[in-house]
Amino acid sequence: HFPHLIIRLYCLSDHMKKILFLLTALIYFQADIFAAKLEKTPVVLDAPWGLTWIDSNQLLITQKSGEIFLVDTKGFTQTEINHDIPSVQFGQGGLLDITSEENMVWVTCSIKKKGKYTTAVFQGELDGNNLINTKLIYEALPYISNSKHFGSRIEILGDYLYVSIGERGKGMIAQDTSNSIGSIIRLHKNGDIPKDNPYQDKDDWLPELYQIGVRNPQGMSLDPLTNTIFISNHGPKGGDFIGPVISGSNYGWKKVGWGGTNYSGTKVGDGNAWEPGLLKPDFIWVPSIAVGGIKFYQGEAFPEWQNSLLVGSLKFQYLSVLHRQDNQFVKEEIIFQDHIGRVRDMEINDKGEIYLIADEFDSHLYILKP
């Protein structure tokens, strides 16, 4: 259609000619620098939250309403897994993240006791279409009555589980080291407490605490370059961030707001984005994008993204790439927007193709391919 566009320009004003030439050039430039197709699979999902590979062709996918599906990505068959995890869908809570290692599976979710709720971790074994021998290996205390900020992602690094626990809308509770609300905890895979957690040097910290001062961390991924876990964290009105999980560190919520303000427009603490003694995030968004799941990219499908960070935005409904230079995040590139809804999480197959879920009703599993 490009030649026809040039012919028609003769009938337009000089001003309109310039506008159309610029728009056309922009379209062709974008096509040159990035070519990918977003495929909608037949897998139907309803407010999915987490996904993990069981093997090179099979995914487990959770839904907030409590279902776990086993999806074969060759034929896109979808089988519901039988389980007895007592998750409760309530506000931002429900059946949330999932990770696996061989046939062992770990799930995070919100659970209820005496009219209150908390973030919990369950372990089970996948046996065919059944999750068996499930047991509660961790519950964050105290239980709280509201429906906000459960977290929660889970990631494996070596012999350890790292789990993000939201601060449940309680602000300064994230600075109270007598509980685990608003923290990153580290456990052994069976739920035992590692003996080298920070409490050895910080006698006022609970033994499971690894990092404190977070608000609502809903993304977590292992950096292949540094072998460090990174999180995404929701700020208030502004102040979403990406940063590393470092033993004994404190991101400062609710002393600081990482550049954001309270929803009323008032200052968070003294209004500082950071204060001495606190860990600085590596990348901050102001205004907030409602940052969701994150995943460091490794694969051959999109070699220009190698070791960069994939980021999902819930608010603006996009997938982006945070490019790195000298191990620093330097530039965000939006890959697509408004195509699948609220981008909740992603995984990468052995070809480097990106599997995506959106926190939407009547949704699907999507694949981004070259």
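When I speak of a polar contact, I mean a pair of N or O atoms within 3.5 Å, where, within protein, one atom must be able to donate a hydrogen and the other to accept it. With that in mind, and remembering that this is a predicted model, let me start with Glu332, which is found in strand E22, spanning residues 328–337. Its side chain makes a polar contact of 3.0 Å with the side chain of Trp285, and another, of 2.7 Å, with the side chain of Ser320. Setting aside residues up to four places away in sequence, Glu332 touches Phe283, Trp285, Tyr318, Ser320, Val321 and Leu322. Glu332 counts as partly exposed because its relative accessibility is 26%, which falls between the limits of 20% and 50%.

Let me turn now to an open sheet of 4 strands, with antiparallel pairing and the order E1-E25-E24-E23. Strand E1, residues 37–45, and strand E23 stand at the edges with a single partner strand each, so one side of each has no neighbour in the sheet. From one strand to the next, the twist averages 25°. Within this sheet, E24, residues 354–358, and E25, residues 363–369, pair in the antiparallel sense over 4 bridges, and Leu356 has Tyr366 in E25 as its bridge partner.

Finally, on the edge strand E23, which covers residues 343–348, we find Arg344. Is Arg344 buried or exposed? Its relative accessible area is 3%, so Arg344 is buried, the cut-off being under 20%. Among the residues that Arg344 touches, beyond those up to four places away in sequence, are Arg153, Gln218, Ile357, Ala358 and Asp359.

Note on methods
Residues numbered from 1 in each chain as written. Predicted model: local features only at pLDDT ≥ 70, side-chain atom pairs only at ≥ 80, totals over all residues. Heavy atoms only, no water. Helix = DSSP H or I, 4+ residues; strand = E, 2+ residues; numbered from the N terminus. Buried < 20%, exposed > 50% of the residue type's maximum accessible area, 1.4 Å probe, protein only. Contact = heavy atoms within 4.5 Å. Pairing = 2+ DSSP bridges. Axes fitted to C-alpha atoms, helices over the stretch in contact; angles between N-to-C directions.
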